[in-house]
Amino acid sequence: MAIDIPQRASAIVIGGGVIGSSVTYHLAKLGWTDVVQLERNQFSCGTTWHAAGLVGTMRANESQARLCEYSMSVLTDLEAETGQSTGFKQVGSLSIAHSKARFEELKRVASMNNAFGVTQVDIVTAEEIKSLYPYLETGDLLGGSWVAQDGTASPVDVTQAFVKGARQRGAKCIEGVRVTGIKKANGRVTGVITTEGEIEADFVVNCGGLWGREIGRMAGVNVPLHACEHYYAHTEKLDDLPSNLPVMRDHDRCAYYREDAGSLLIGAFEPNATPWGQNGIPLDFAFEELEGHLDEQFMPVLEHAMYRVPMLQECGWRSFFCGPESFTPDDQFHMGEAPELKNFYVACGMNSVGIQTSGGLGRALADWMHIGKPPMDLWGNDIRRMFPFQSTQLYIENRVSETLGLLYDNHYPYKQMETSRNLRHSPIHERLAERNACFGEAAGWERANWFAPDGVEPKYEYSFGKQNWFEHSAAEHKAAREKVVLFDQSSFSKYLVQGRDAVNLLQRISSADVDVEPGRMVYTHWLNDHGGIEADLTVTRISENEFWVISGGGQTIKDLHWLKSHIADDEFCCVSDITNAWAMLGVMGPDSRDLLSDALSHDMSTTNFPFGDFQAIELGMSRAYAGRVSYVGELGWELYVPVDQARHGFDFLMQKGESHGLSLAGMHAMNSCRMEKKFLHYGHDVADYDTPLECGMGFVCAFDKAIPFIGRDAILEQKESRSFMKKRLVQFLLRDPEVMLYHHEPIIRDGKIVGHLTSGDYAHTLGAAIGIGYIQVEEEVTREYIEAGKFEIDVGGDLIAATASLTAMYDPKAERMRG
């Protein structure tokens with residue numbers, strides 16, 4: 001029987017799960033009354049129907065906590081608005097710890113979330129846990145965390161409530177219509193092809209869940225996700241089991257527990273998960289279970305559960321369930337506009353947090369589409385963080401076997417992925433491996449994070465304290481400050497911008513004046529219309545119509561999308577990714593000038609080679625470039641060497657460096673050095689809702705240049721109103737040298753939370769842990785404000801005294817770097 005579909009819509013939402021239904025509802029709520037939602041079968045039939053329905057607000061960053069906060073509140077609003085029950089019960093949630101590492105993590109996460117101001121997380125004793133959850137064996141517990149406002153909901157009912165609310169506001173939510181193709185023209189989406197005909201549209205949203213990767217491919221869009229088997233079991237109905245029993249999570253044993261219609265549901269996030277659907281998801285897959293691998297994957301979890309909840313040893317079991325869930329390479333869901341196709345948006349790959357995130361994600365994506373920008377800092381979930389190789393079958397299949405279990409694993413600082421490794425190598429990778437490098441992975445790159453001395457295995461031993469590599473990285477840090485070191489920075493992104501209008505493009509999107517003489521490097525921000533920072537990078541003028549842009553290794557897709565999308569139709573300008581054409585060797589430290597003068601036979605004096613200069617050099621037999629900049633705050637140069645000649649250049653430098661005390665240093669030492677200098681890290685310290693004035697980088701804004709930069713008016717307004725003075729990036733040094741900082745620790749002034757850290761590390765030169773974070777208050781954050789307050793950092797519930805400074809505590813005048 002034919003299904004009537006409209007010929008046109010403002011937006012088409014593909015997928016009838018809880019995410020697609022939420023996006024449809026929130027678009028309709030914004031006044032998009034001709035939205036069309038297309039579900040190939042029945043609403044909720046993919047993965048939503050078998051979700052556990054956990055609703056929590058404790059998350060790993062503030063933006064996600066805000067999304068979950070709204071998701072919880074909208075459940076009550078939906079019931080009142082539509083009359084459709086969502087099954088929401090506010091029963092609280094409990095997380096238990098029977099290892100010191102887990103208890104440390106729970107305490108740190110509790111402090112972090114309390115700083116967000118979204119939820120109240122209390123640390124509880126084993127006795128209090130027993131009171132909250134009488135069925136537990138608590139004899140071996142160290143403690144736990146308790147969130148009173150968390151709860152559970154019915155996934156199918158939540159979805160139906162969104163659908164009903166969307167229909168009441170004019171949206172057409174249609175079942176039984178499958179999208180078979182995406183229409184596009186001139187780089188933008190124009191509609192969809194379905195089993196019932198074509199629909200024209202201005203926007204298309206991929207909420208395809210399990211099918212999200214395939215729908216992305218229809219559009220030529222990269223959406224890395226893959227299904228894994230996910231397990232839970234139901235007991236028979238248990239007499240006297242209270243309906244308000246809290247949700248309980250035993251992360252150390254990979255299990256979660258919730259009351260469900262009089263029975264107890266036990267679910268698992270086990271390590272070494274089993275991928276499913278390697279040959280594609282069947283088109284008719286709906287409300288189906290998988291055969292799974294119950295004995296190998298789930299039974300070990302149930303065995304532990306019977307110890308933790310002894311009554312499970314005596315009860316019967318009603319069902320054992322295995323169904324598919326979608327996971328992504330980094331355990332973060334995908335959302336936002338695809339860089340490959342304008343007005344094609346993505347919201348999928350939920351990593352089992354779909355129900356608790358559904359309302360917030362739906363509203364945030366609808367707002368993004370409505371105003372043309374994300375409504376908050378969502379870089380950690382932006383689809384532009386993903387690279388094309390992450391969608392290859394071998395990569396994504398192997399990676400999700402790890403990411404499912406990581407949801408409940410210890411989230412140690414510096415923890416490295418173990419699957420889908422050794423894909424992107426620097427040309428000197430083998431040279432570094434021979435010298436005992438311990439590699440970490442970032443954007444697919446194998447990067448030397450630290451070097452093990454002779455006789456020490458280059459392998460991480462994780463903890464929340466000083467890890468096994470601490471002293472080795474400290475030695476590298478010391479060498480960078482006192483002698484000379486070499487960093488392999490080849491993973492940094494590099495773009496070539498050339499053409500008649502290259503300078504006009506870069507002047508328009510760069511806050512600084514980049515219309516400089518050839519051979520000069522300029523540090524700049526790229527801003528959006530409201531003054532938020534979209535990129536933090538350098539622009540180097542090679543010739544009149546040719547520029548290099550150097551950025552972070554994880555920002556490649558985002559930066560290129562920003563660059564290309566701002567080329568006007570009448571401008572002649574070409575943008576190329578040249579990351580893989582040039583190796584990048586950082587030679588840093590007070591002895592770098594002596595070494596390079598010897599090795600390059602080049603005048604490296606400040607007179608001939610001032611800070612910010614970029615010059616052609618000869619590195620052994622290679623023709624290369626040197627740029628005098630530094631991310632570690634010392635005298636130094638970045639050498640750019642053709643990839644095919646990089647091993648020769650490295651060997652030549654190491655040979656010449658023997659008489660100058662040259663040693664190797666890794667990314668951990670680079671980070672600890674930049675932290676001492678209060679240098680920024682994009683994604684941690686700055687993102688698209690932070691401005692140059694707020695982070696103390698107002699000097700990058702050239703207000704008087706001939707071509708006004710994007711965001712100029714917003715920054716001028718902020719400057720004139722002095723509103724930026726109420727949100728300022730501050731550096732903190734702990735007074736206890738044994739305590740470690742990582743990020744998101746609350747900032748306390750005179751007993752009140754005034755912000756949280758964005759970055760943390762150990763300042764080996766200054767002798768204690770160091771942090772950077774925004775103080776955001778109702779009064780101006782001046783030097784007097786800093787000096788008048790008593791500052792502490794909340795580290796897992798312990799308040800550690802700290803010294804605060806608006807300027808870098810190490811070499812605040814940058815004399816060492818520029819001297």
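Which side chain does Glu259 meet in a salt bridge? A few notes on that pair and on some other spots in this predicted model.

1. The partner is Lys89, with a N to O distance of 2.9 Å. Glu259 sits in strand β14 (residues 255-260), while Lys89 belongs to the loop between α2 (62-82) and β4 (93-97), so this contact ties together parts that are 170 residues apart in sequence.

2. Have a look at how the two ends of that pair are covered. Glu259 has a relative accessibility of 6%, so it counts as buried, the cut-off being under 20%. Lys89, at 28% relative accessible area, is partly exposed.

3. Next up is Asp685 with Arg674, a salt bridge whose closest N and O atoms are 2.7 Å apart. Arg674 is part of helix α16 and Asp685 is in the loop between α16 (667-676) and α17 (712-721), so the link joins parts eleven residues apart in sequence. Both Asp685 and Arg674 are buried.

4. Arg722 and Glu780 make another salt bridge, and here the closest N and O atoms lie 2.8 Å apart. Each comes from a loop: Arg722 from the one between α17 and β34 (727-734), Glu780 from the one between β37 (768-776) and α18 (783-788), so parts 58 residues apart in sequence are tied together. Arg722 is partly exposed at 39% relative accessibility, and Glu780 is also partly exposed, at 29%.

5. For the overall tally, the structure holds 39 salt bridges.

6. Now for a helix. α1 covers residues 18-29, twelve in number, and spans 16 Å from its first C-alpha to its last. That is close to the 16 Å expected at 1.5 Å a residue.

7. How many of α1's twelve residues are buried? Eleven are, so the helix is mostly covered, taking buried as under 20% relative accessible area. The buried set has Val18, Ile19, Gly20, Ser21, Ser22, Val23, Thr24, Tyr25, His26, Leu27 and Ala28.

8. One backbone detail to check while you are at this end of the chain: Gly31 follows α1, and its phi is positive, near 100°.

Notes. Residues numbered from 1 in each chain as written. Predicted model: local features only at pLDDT ≥ 70, side-chain atom pairs only at ≥ 80, totals over all residues. Heavy atoms only, no water. Salt bridge = Lys/Arg side-chain N within 4 Å of Asp/Glu carboxyl O. Helix = DSSP H or I, 4+ residues; strand = E, 2+ residues; numbered from the N terminus. Buried < 20%, exposed > 50% of the residue type's maximum accessible area, 1.4 Å probe, protein only. Expected span 1.5 Å × (residues − 1).
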